[in-house]
Amino acid sequence: MNRKANASSWKFASIKSYRAPAACAAVAEQASCSSLADLTTIRASSTAWSLIASRGEVSAAVSSVSDPAQLRSASDDIKELLQKNHCHPILVRLGWHDAGTYDKNIEGWPKRGGANGSLRFDIELKHAANAGLVNALKLLLPVKDKYSRVSYADLFQLASATAIEEAGGPRIPMKYGRVDVSAPDQCPEEGRLPAAGPPSPAGHLRDVFYRMGFTDKEIVALSGAHTLGRARPDRSGWGKPETKYTKDGPGSPGGQSWTVQWLKFDNSYFKDIKERLDDNLLVLPTDATLFEDPHFKIFAEKYARDQGAFFKDYAEAHAKLSNLGAKFDPPEGITLEA
Ligand code: HEM
C-alpha cells in the first residue's frame, strides 16, 4: 500500500479522524486551533459563512415543495456549473453529507436526520466532518435563487446525482419532492458521519452505515464514489497538499486523489486500492478495509473486475442514500423522466 506516500495521512490518522478537527470547527473556538492549516480553513470558511449570512435566505425558514419544471431547469443549470467549475466531487459529497446523518432507529422527521436540507445551516456546516462544504453551498446558492420551487434538500440531491451522471457514471433512479427543515434547531447533532481513521475501520463502517439501513454490498458500492475527488489536509486532515495529478487542477488545485482521473466516474477506485502501485494516490483506512475485511472484499473484488456490476449496484445504493430520512411531498415523490 502507499503507506510511504501517505505517511502524513497515517500520522494524522492517530491524531485526526474524520471528526478530528472538531476542536477547530466552530469559529468561536479559533483560538484553540494549533495548526496553520486549520486556521487557514477557518478563515476562508468564515468569509464564506459571512457571505452566506449576509444573503439572509439560507438561515430563513424556507420550506418549499419542488416543482418538476423547475427541477428540470435547475438540472440544466447544474450541468453548466459542472462544466465551468469541475465541481463534481464536492457536490457529490454535499449530497452525501446531508443524507448520511440518517438514523433509522429514530422515528420522527426531522429528528431522524437524512436528506432534508439541514446542511444549509451554519451550525451543521461547521461540523468538523463538513469542512469545506460551505464552498459547495456557495456554488449552488445562485441556482437556488433562480428556482424558489426547488427545495434545498432536492437541490443537494439533484446536484449530486447530476454530478455522478455528468462524470460518466450510471443514471441514478432519482425521485424528488423532499421537504426542507425550516430552522437550525432541526439539524442533527454532530458525529453521525463516518470517521476515516477509526481504530476498527470495518466495524466502524458497519456501525455507521447499518444505522442508515445499508448492507455490506451497499457500503462497498457507495465507497466507490471516491473514484471522484480529493482529500485536503486543510479540510479533513487527510491526504497530501498536492500530487502530480492535482497540482494543476482542474478546479482549485491541490489535495490527494484516490484515482488518476478524479473527475471521471468509473471503477478505477477499486482497481487502484487493490493494486496500490501509485504512491500519489490516496487510500484511507476505511478504503483499505474494503479489501481486508472478508465480506467487504467479495464486493470490492467484483467491482474491480466488473465496472458494469459496480455501476448497477452504485446507482441503486446512491438512490437509496438520497432518499434517507426524507419526507416527500407528494408522498410518492416526483420523477423527472421525459
Ligand atoms: C465510507 C465512509 C467514508 C469516509 C470515511 C469518507 C471520508 C472522506 C474524506 C476524509 C474525504 C476528504 C474530504 C476533504 O478533505 O475535503 C472525502 C471526500 C469525498 N467523499 Fe467520502 N467518505 C466516506 C464515504 C463517502 C460516500 C458514501 C460518498 C458518496 C456516496 C463519498 C463521497 C466523497 C467525495 C466525492 C469526496 C471528494 C470531495 C472533494 O473532492 O471535494 N464519501 N471522504
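In the predicted model, the ligand is surrounded by 24 residues, of which Pro89, Ala225, Gly229, Ala231 and Ser236 are the closest. Three elements, namely helix H5 (88-99), helix H10 (216-223) and strand S1 (230-231), each contribute at least two residues to this shell, and the largest share, 5 residues, is supplied by H5. When the shell around the ligand is divided by class, 14 of its residues are nonpolar, 6 are polar and 4 are charged.

Helix packing was examined for H4 (residues 68-85) and H8 (residues 152-166), which pack at an angle of about 55°, their axes being 10 Å apart. Because angles from 65 to 115 degrees count as roughly perpendicular and those under 35 degrees as roughly parallel, H4 and H8 are therefore classed as oblique to each other. The crossing in which H4 passes H8 is right-handed. On the side of H4, the contact is formed by Leu71, Ala74, Ser75, Ile78, Lys79 and Leu82, whereas H8 contributes Asp154, Leu155, Leu158, Ala159, Thr162, Ala163 and Glu166. By class, the residues of this contact between H4 and H8 comprise 8 nonpolar, 2 polar and 3 charged.

Several features of the backbone were also noted. Histidine 86, a residue other than glycine, has a positive phi, with a value near 50°, and is placed in the loop between H4 and H5. A cis peptide bond, with omega about 0°, joins tryptophan 109 to proline 110, and proline 110 lies in the loop between H5 and helix H6 (122-125). The peptide bond that runs from glycine 249 to proline 250 is likewise cis, with omega near 5°; in this case proline 250 is found in the loop between S1 and strand S2 (256-257).

With regard to the confidence of the prediction, the chain has a mean pLDDT of 85, and 81% of its residues reach a value of 70 or more. Over residues 1-51, however, pLDDT stays under 50, and for these residues the model has 76 contacts beyond four places in sequence. The pLDDT is also below 50 over residues 59-63, a stretch that has 10 contacts in the model beyond near neighbours in sequence.

Note on methods. Residues are numbered from 1 along each chain as its sequence is written. This is a predicted model: local features need pLDDT of at least 70, side-chain atom pairs count only at pLDDT 80 or more; totals for chains, interfaces and linings use all residues. A residue is near a molecule or strand if its C-beta atom, placed from the backbone, lies within 6 Å of it. Helices (H or I, at least four residues) and strands (E, at least two) are DSSP runs, numbered from the N terminus. Ala, Val, Leu, Ile, Met, Phe, Trp, Tyr, Cys and Pro count as nonpolar, Asp, Glu, Lys and Arg as charged, and the others, Gly among them, as polar. Axes are lines fitted to C-alpha atoms, for helices over the stretch in contact, and angles run from 0 to 180 degrees between N-to-C directions. Angles under 35 degrees count as roughly parallel, over 145 as roughly antiparallel, 65 to 115 as roughly perpendicular and the rest as oblique. A crossing is left-handed if the near helix is turned anticlockwise from the far one by less than a right angle, and right-handed if clockwise. Two residues are in contact if their C-beta atoms, placed from the backbone, lie within 7 Å. pLDDT is the predictor's confidence in each residue, from 0 to 100.
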